[in-house]
Amino acid sequence: MKTTSNTLRKLPSRKVTTVNAEELIRLSYIDFENRFPLVVERGISCPHLAGWIAGQRDFVKEQLRTHGAILFRGFNVNSPEEFRDCAAALSQELLNYTERAAPRQQISSNIYTSTEFPADQSIPLHHEMSYSHHWPLKIWFYCAQNSKIGGCTPIVDDRRVFPLIDERLRDKFLEKKVMYVRNFGEGADMSWMEVFQTDDRNVVEKYCQDTGIEFEWRSGNRLRTRQVRQAVLRHPETKDLVWFNHAHLFHMSNLPPAVRAALLSQFRDDELPRNAFYGDGSRITDETLEEIRRIYNDTAVRFPWQNGDVLLADNILVSHGREPYEGPRKILVAMAEMFTNPE
């Protein structure tokens, strides 16, 4: 008996599957209970992914608003160029990566490696560039080579996260916001030239002035920046309220204990390569941000990458991270549709 778009069957893995008779795609979920993320798998006669997305833009956008993330699987995406075509089929505006928070390599036009971070360490769940004055509305991931051990990209629907955060904690961040302090040129993090993708101080100053960043040039070609940003954001289309900041990543409590101790033996907390404070400059306790990390970890959905997978996420509704891994791993990233903070 064939399964049609009006027929649902529950699978042992707690997925739900439908088949669209016209396009011959299969729809399911990694987490059936929370319907997240939506999984779209290629059927027998479905075209390549870029062509399918180009013909189904309205459907893809609607499902992205509903579910927050879509995993495209089995479409035989075999190269960075094909991946770029997929992203461009939905969003013609693919973005450069400016005001960087982590090292990446550019593979081709607007296609980057995922954050290059030691393989034995985790990257906490976060929204891309939520520390900035502007950020991508959409973020794409492509599995060019899956790791044999570990290496998941956990994702979280932040509409589930926000209600789990203690109301008093939320209110304090809503009132005070978040201040990010970065110090470039101490040799312990990225240089300002890499972060801003220029060696021209005038270009850096213009960028800072345009985006509300306080800056201070210091001796030895060093730079210190401060910026106060939102802690919570309302999605411009769905109107959902979500936790949207980088405090738990930039805060010194995110450092391995030995690294933190070594840095604090040399620098004050506002002289560290990066740190986060409340917007009035007061300190955020370690325990506060450990609670945020715990909630993210408890609500995360994890799945093993398969070669050729493409994941599309709404960068406001959904956070992403990275788990430790062993062996070769290559995940590429594209960002699309710049959104500027209206505040």
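1. Strand 8, strand 9, strand 19 (318-322) and strand 21 (330-340) each put at least two residues into the lining of the largest cavity. Strand 19 gives the largest share of that lining, 3 residues. For the terms: helices (H or I, at least four residues) and strands (E, at least two) are DSSP runs numbered from the N terminus. A cavity, on a 1 Å grid over the protein atoms alone, is a set of points where a 1.4 Å probe fits but cannot get out, and lining residues have an atom within 4 Å of a point.

2. A word on what you're looking at: this is a predicted model, where local features need pLDDT of at least 70 and side-chain atom pairs count only at pLDDT 80 or more, while totals for chains, interfaces and linings use all residues. Numbering runs from 1 along each chain as its sequence is written, and side-chain values use heavy atoms, with hydrogens and water left out.

3. Back to that cavity. Its volume is about 140 Å³, where a volume is the space filled by probe spheres set on the grid points, which are joined across faces, edges and corners. It is lined by 15 residues, and Ser 114, Thr 115, Phe 141, His 320 and Gly 321 are the closest to its centre. The search of the whole structure turns up 2 cavities of 30 Å³ or more.

4. Then there's the largest pocket, at about 750 Å³. A pocket here is an open set of points with protein on both sides within 12 Å along at least five of seven lines. Of its 32 lining residues, Phe 117, Leu 249, Asn 254, Leu 255 and Arg 274 are the closest to the centre. Strand 8 (123-126), helix 8 and helix 9 (257-264) are the elements that give two or more residues to this lining, and strand 8 has the largest share, 3 residues.

5. Arg 274 turns up again in a ring contact: Arg 274 lies over the face of Phe 250, 5.1 Å from the ring centre. Arg 201 does likewise with Trp 217, at 4.2 Å from the ring centre. The rule asks for NZ of Lys or CZ of Arg within 6 Å of the ring centre and within 35 degrees of the ring normal.

6. On to ring pairs. Rings of Phe, Tyr and Trp (its six-membered ring) pair if their centres lie within 6.5 Å; planes under 30 degrees apart are stacked, over 60 edge-to-face, and the rest tilted. That gives 16 aromatic pairs. Trp 135 and Phe 244 have ring centres 4.8 Å apart and planes at 55°, so this pair is tilted. Trp 135 sits in strand 9 (residues 134-145) and Phe 244 in the loop between strand 16 (241-243) and helix 8 (247-250), so the pair ties together parts that are 109 residues apart in sequence. Trp 135 is buried at 0% relative accessible area, and Phe 244 is also buried at 0%. Buried means under 20% relative accessible area, exposed over 50%, and partly exposed in between (1.4 Å probe, protein chains only).

7. Phe 196 and Tyr 207 make an edge-to-face pair, 5.7 Å centre to centre with 65° between the planes. Phe 196 is in helix 6 (residues 192-196) and Tyr 207 in helix 7 (residues 201-211), so the pair joins parts 11 residues apart in sequence. Phe 196 is buried at 8%, and Tyr 207 is buried at 15%. Elsewhere, ring pairs link Trp 52, Phe 59, Phe 72 and Phe 75 into a cluster.

8. Some backbone spots to check. Phe 36 and Pro 37 are joined by a cis peptide bond, with omega about -20°, and Pro 37 is in strand 4 (residues 36-42). Lys 177 is not a glycine but has a positive phi of about 65°; Lys 177 lies in the loop between helix 5 (167-176) and strand 12 (178-184) and is partly exposed at 31%.

9. Lys 239 also has a positive phi, about 70°, without being a glycine, and lies in the loop between strand 15 (232-234) and strand 16. Arg 234, in strand 15, contacts Lys 239, Asp 240 and Leu 241, leaving aside neighbours within four places in sequence; contact means heavy atoms within 4.5 Å. Arg 234 is partly exposed at 47%.

10. Finally, confidence. pLDDT is the predictor's confidence in each residue, from 0 to 100. The protein chain averages 90, and 92% of the residues score at least 70. Residues 1-14 are below 50, though this stretch has 19 contacts in the model beyond near neighbours in sequence. Where pLDDT is low, the predicted coordinates should not be read in detail.
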